[in-house]
Amino acid sequence: FILLPTWAWFYLKKNKRIHLALVSIITVFLSSSLFVAGFILEEKQEKKELYEYDLDGNGSFSNEEMTPEAREAMDRWTSDAGRMFVPIVAPMLSIFWITLNFGTFAIFTRKQRAEPDDGING
């Protein structure tokens with residue numbers, strides 16, 4: 001997620017046949033997908049930790065199974081409202097991150113092109 005815009009920008013610079021808008025759309029899609037995938041993996045890990053306390057394996061928790069550790073795992077599982085908003089927030093965060101990166105790269109690239117030729121290289 002963090003390095004994807006950098007990779008996309010320098011790939012674009014290398015292959016100038018690809019339009020910046022297309023690279024931006026692809027990068028937003030890939031960044032959002034990586035962001036959501038990370039949360040899905042975290043959700044699976046939390047669910048796995050929760051069901052380790054289901055001693056009889058019936059998918060529900062009886063009073064005997066509700067130890068303080070099991071209650072803590074259940075609280076983590078039920079109070080994580082952030083994962084419900086990930087599909088909404090991920091594209092917006094990706095667009096912001098990619099715009100920030102591409103804008104920064106464009107400024108520094110423009111400065112490199114604007115430097116006068118000193119005549120040493122011919």
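The protein exposes about 9100 Å², and carbon and sulfur atoms supply 64% of that area; accessible areas here come from the Shrake-Rupley method with a 1.4 Å probe, and for residues only the protein chains shown count as cover. This is a predicted model, so to speak of local features a pLDDT of at least 70 is needed, side-chain atom pairs count only at pLDDT 80 or more, and totals for chains, interfaces and linings use all residues. Residues are numbered from 1 along each chain as its sequence is written, and side-chain values use heavy atoms, with hydrogens and water left out.

**Overall build**

- The protein has 4 helices and 0 strands, where helices (H or I, at least four residues) and strands (E, at least two) are DSSP runs numbered from the N terminus.
- Read from the N terminus on, the elements run α-α-α-α.
- Of the 122 residues in the protein, 24% are buried; buried means under 20% relative accessible area, exposed means over 50%, and partly exposed lies in between (1.4 Å probe, protein chains only).
- Among contacts with a separation of 6 or more, 66% are between residues 24 or more positions apart, a contact being heavy atoms within 4.5 Å.

**The nonpolar cores**

- In soluble globular proteins, nonpolar side chains tend to be buried together.
- The largest nonpolar core here has 7 residues in all: Ala8, Trp9, Val23, Val28, Ile98, Phe102 and Phe105. Such a core is a set of buried Ala, Val, Leu, Ile, Met, Phe, Trp, Tyr and Cys residues joined through side-chain atoms within 4.5 Å.
- Helix H1 (4–14), H2 and H4 are the elements that give two or more residues to this core, and H4 provides the largest share, with 3 residues.
- A second, separate core of 5 residues includes Phe61, Met66, Ala70 and Ala73.

**Around Phe102 and Thr27**

- Phe102, a member of the largest core, is in contact with Pro5, Ala8, Trp9, Leu20, Val23, Ser24 and Thr27, leaving aside neighbours within four places in sequence.
- Thr27 lies in helix H2 and counts as buried, because its relative accessibility is 3%.
- Not counting residues up to four places away in sequence, Thr27 touches Leu4, Pro5, Ala8, Ile98 and Phe102.

**Elsewhere along helix H2**

- Ser33 is found in helix H2 (residues 20–51) and counts as partly exposed, because its relative accessibility is 33%.
- Although Ser33 and Ser94 are 61 residues apart in sequence, they are 9.7 Å apart in space, C-alpha to C-alpha.
- A search of the whole structure finds 1 aromatic pair: Phe35 and Phe39, which are tilted, at 5.5 Å centre to centre with 55 degrees between the planes.
- Rings of Phe, Tyr and Trp (its six-membered ring) pair if their centres lie within 6.5 Å; planes under 30 degrees apart count as stacked, over 60 as edge-to-face and the rest as tilted.
- Both Phe35 and Phe39 lie in helix H2, 4 residues apart, about one turn of the helix; Phe39 is partly exposed, with a relative accessible area of 26%.
- Lys44 also belongs to helix H2 and counts as exposed, because its relative accessibility is 56%.
- Lys44 and Trp77 are 33 residues apart in sequence and 10.0 Å apart in space, C-alpha to C-alpha.

**The loop between H2 and H3**

- Tyr53 is found in the loop between H2 and helix H3 (68–78) and counts as partly exposed, because its relative accessibility is 27%.
- Leaving aside neighbours within four places in sequence, Tyr53 is in contact with Phe61, Glu65, Thr67, Glu69, Ala70 and Ala73.
- Tyr53 and Met66 are 13 residues apart in sequence and 7.8 Å apart in space, C-alpha to C-alpha.

**A nonpolar patch on the surface**

- Met84, Phe85, Ile88, Val89, Met92, Leu93, Phe96 and Leu100 form a nonpolar patch on the surface, with about 820 Å² of accessible area together.
- Patches are made of residues with over 30% relative accessible area and no salt bridge, with like charges joined within 9 Å and nonpolar side chains (Val, Leu, Ile, Met, Phe, Trp, Tyr) within 5 Å; a salt bridge is a side-chain nitrogen of Lys or Arg within 4 Å of a carboxyl oxygen of Asp or Glu.
- Within this patch, Ile88 sits in helix H4 (residues 82–114) and is exposed, with a relative accessible area of 52%.
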